[in-house]
Amino acid sequence: MWCGIDAGKGHHWAAVVDETGATVWSKKIDNDESVILTALGEILEPADEVHWAVDISGTSSALLLALLAAHGQRAVHVPGRTVSRMSGAYRGEAKTDARDAYVIAETTRHRRDFAIIDVPAQLAADLALPTAHRSDLVADRVRMINRLRDVLTGVFPALERAFDCSAHKGAPVLLTGYQTPAAIRRRGRARLTAWLTNRGVRGADAVAATAPEAAQAQLTALPGEDVAARIVADLATQILALDDRLKRIDRQIRETFRTHPQAGIIESLPGMGPILGAEFVVAAGDLAAYADAGHLASAAGLVPVPRDSGRRTGNLHRPKRYSRRLRRVFYMSAQTSIVREGPDRDFYLKKRGEGLKHVQAVIALARRRASVLWALLRDNRVFTSAPPVAQAA
């Protein structure tokens, strides 16, 4: 039998079909361990073998997938796009959980090429939540900095132009105490330097010299300056607190990632630090799932997809179904690696010389690095600039 599960946060809907496509079991299942176990027993009892399929492989189906794995059952992932398209092949236009579950089961009965969902190992699970939480914190920081720059531009545009709040700690620290031109002029350069130094700002002299120059460039107090100053101070305080939280979570991710048996190999690849390495472990999962380097690159969306028809050949396009997270790991690491001299930068410059744009050259480099990383992990050796000496098999 084939069981399709339309997963959700509060409950799932499971539908079971036999070899003829007839529905033999269909029921709503609460996302609770005892209820799921009862449903598993009802489904497994009359069947010799059950093929399981779910449409979500994230947090909402984590308990369900863990219980399936504990009972020796393996599930495949049927993407939502596939379910939506296959729904048109069956009678009726209704959109219900029961019908979606039936479509998932029927699709799995006809197709045997869906990816198997593996319950992540303990280390990957320990890295999944911190890396996802870090991404959320980074997004919050970007939003706060943009809001800070917008408010500051409305009352003190000269100071907003003078500092990059996203790259230097001195600017947010300064804004926690002084936000208006008049306040900075009253403080003076000498006392401002001492004030910043006491708060651990590097390059306090440069910050204290730039701020008074910006204050002298604006002698007019704008309407709403006092209210905006309080908002700027509050946003700057939140940005500094977020920076501290990011440092702590980066330390946690780094310490956890380096317990991975192949962490040293992953980090040896130029541009691949512990944060990107941890994201790679989470996004890629078990390396045994990739038969060769091409499969890994395809999973990351680095392999073009042909769209040929008739005499139109060689029409290559970017794929639509791939791991965005895995693609980001290879793209960001490739972009970081071209900063310094080495084989990565040489390859990038070669592609630029062939007429490729920056993004195209970085993607080409990312594809090459996917093959290199796969080979390093397969051979269990660290990266070296010089290629290994070929030996007879």
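A: Happy to! Helices (H or I, at least four residues) and strands (E, at least two) are DSSP runs, numbered from the N terminus. This is a predicted model, where local features need pLDDT of at least 70, side-chain atom pairs count only at pLDDT 80 or more, and totals for chains, interfaces and linings use all residues. Residues are numbered from 1 along each chain as its sequence is written, and side-chain values use heavy atoms, leaving out hydrogens and water.

Q: Is aspartate 243 buried or exposed?
A: Aspartate 243 counts as buried because its relative accessibility is 17%. Buried means under 20% relative accessible area, exposed over 50%, and partly exposed in between (1.4 Å probe, protein chains only).

Q: And which side chain does aspartate 243 join in a polar contact?
A: That of arginine 141, at 2.5 Å. A polar contact here is a pair of N or O atoms within 3.5 Å; within protein, one must be able to donate a hydrogen and the other to accept it, and residues adjacent in sequence count only if both atoms are side-chain atoms.

Q: Switching topic: how many residues of strand β1 are buried?
A: Five of the five (residues 2-6), so β1 is largely enclosed by the rest of the structure. Trp2, Gly4 and Asp6 point one way from β1, while Cys3 and Ile5 point the other way.

Q: Why that pattern?
A: In a regular strand, side chains alternate between the two faces of the sheet.

Q: Which strand runs antiparallel to β1?
A: β2 (residues 11-17), joined to β1 by five bridges; strands pair if DSSP finds at least two bridges between them. A hairpin links β1 to β2 through four residues.
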